[in-house]
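Thanks for coming. I have one structure to show today, and I will keep it short.

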Amino acid sequence: MRATTLITVAPTGAESAKADVPALPVTLDELVQTARECEAAGAAVVHVHVRDGDARPTLDPVRLRDTVQALREATGLIVQLSTGGAVTDSYEDRLRVLEAGPDGCSLTCGTVNFGDEVFMNPWPFMVELYRRTQEMEVVPEFELFDLGHIAALHRLLDGHGAPYGGHVHCDLVMGVPGGMPGDARTLVAAVEALPAGATWSATGVGRTSLPVMYAALAAGGHLRVGMEDTLTYAKGRPVTANAELVDRAATLADLAQRPPMTAPQAREFLGVKE
Ligand code: KMH
Ligand code: ZN
């Protein structure tokens, strides 16, 4: 079978304000439209953060459920909900995200400094979230912001069994101020420390987006791009739409002779429930 590249789009995030970034998709209509464009450009997974009526990040259960349903109706994308939310969200609200019935969710494997804030993921929270993914048949994607998070991932898998779907897929989130740097040598060190058989994507935040993308393709990894992670397409040139980031990732994947994975291929690859 020909090698392919899984492309995930993270279109919104919880950190940027609509007032500062008018192209950010924050309403349900904007998100669905973005998801359609990104699917056409080569994405197979959408990593979702939801906003409220004032465009502020929210984990409101009704909005989350409506969003999952709308994305399923409008696209074939795998719907992965963020359980990271915003740094201000409570553990209880973050655990409740799974009740919206997504295909997958993020599961961050440790606490990390996050710019001037702290993104909290203490061990008991990680374990409880992992247990609920198994019980509720949601495929977790292990978010790794630092090398120490990989040690926590080993501990989680050793002590608490295999993930739902039977496959360990990770995302190296690189270049966050406080986490691991977004460069090739750190990426290689992280990949070498992953559990045997795990697959991985990489995300370079801010100006590390391109170096991380090239390093990931060279090292056989998959890609995550989107306005959650990068607001600048090139120096002095803001991103105008998520689809242009997906389009560039797809072009580079094609050039690397590993074209984008389709959503049905990605479902099988990740072990997502039919
Ligand atoms: N917004 C960050 C605090 C995730 O989606 O799981 C956490 C985050 C990771 O974005
Ligand atoms: Zn996120």
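**Strands, a buried aspartate and a ligand shell**

Let me start with strand E1, residues 7-9, and strand E2: they run parallel and are joined by two bridges. Before going further, note that this is a predicted model. Within that pairing, Val9 has Val46 of E2 as its bridge partner.

Are the two faces of E2 buried or exposed? E2 covers residues 45-48, and both faces are covered. Val45 and His47 lie on one side, Val46 and Val48 on the other, and all of them are buried.

Now to Asp229. Where is Asp229 placed? Asp229 sits in the loop between strand E12, residues 222-225, and strand E13, residues 232-234. Asp229 counts as buried because 25 other C-beta atoms lie within 10 Å, and the cut-off for buried is 20 or more. If we set aside neighbours within four places in sequence, the contacts of Asp229 are Ala10, Thr203, Val205 and Ser209. Thr208 is 21 residues away along the chain, and its C-alpha atom is 9.6 Å from that of Asp229.

Last, ligand 1. There are 13 residues around ligand 1, and those that come nearest are Ala14, Ser82, Gly84, Ser106 and Phe119. By type, the shell has five nonpolar, six polar and two charged residues.

Conventions
Residues are numbered from 1 along each chain as its sequence is written. Chains are lettered from A and ligands numbered from 1 in the order in which they are written. This is a predicted model: local features need pLDDT of at least 70, side-chain atom pairs count only at pLDDT 80 or more; totals for chains, interfaces and linings use all residues. A residue is near a molecule or strand if its C-beta atom, placed from the backbone, lies within 6 Å of it. Ala, Val, Leu, Ile, Met, Phe, Trp, Tyr, Cys and Pro count as nonpolar, Asp, Glu, Lys and Arg as charged, and the others, Gly among them, as polar. Helices (H or I, at least four residues) and strands (E, at least two) are DSSP runs, numbered from the N terminus. A residue is buried if 20 or more other C-beta atoms lie within 10 Å of its own, exposed if 12 or fewer, and partly exposed in between; C-beta atoms are placed from the backbone. Two residues are in contact if their C-beta atoms, placed from the backbone, lie within 7 Å. Two strands pair if DSSP finds at least two bridges between them.
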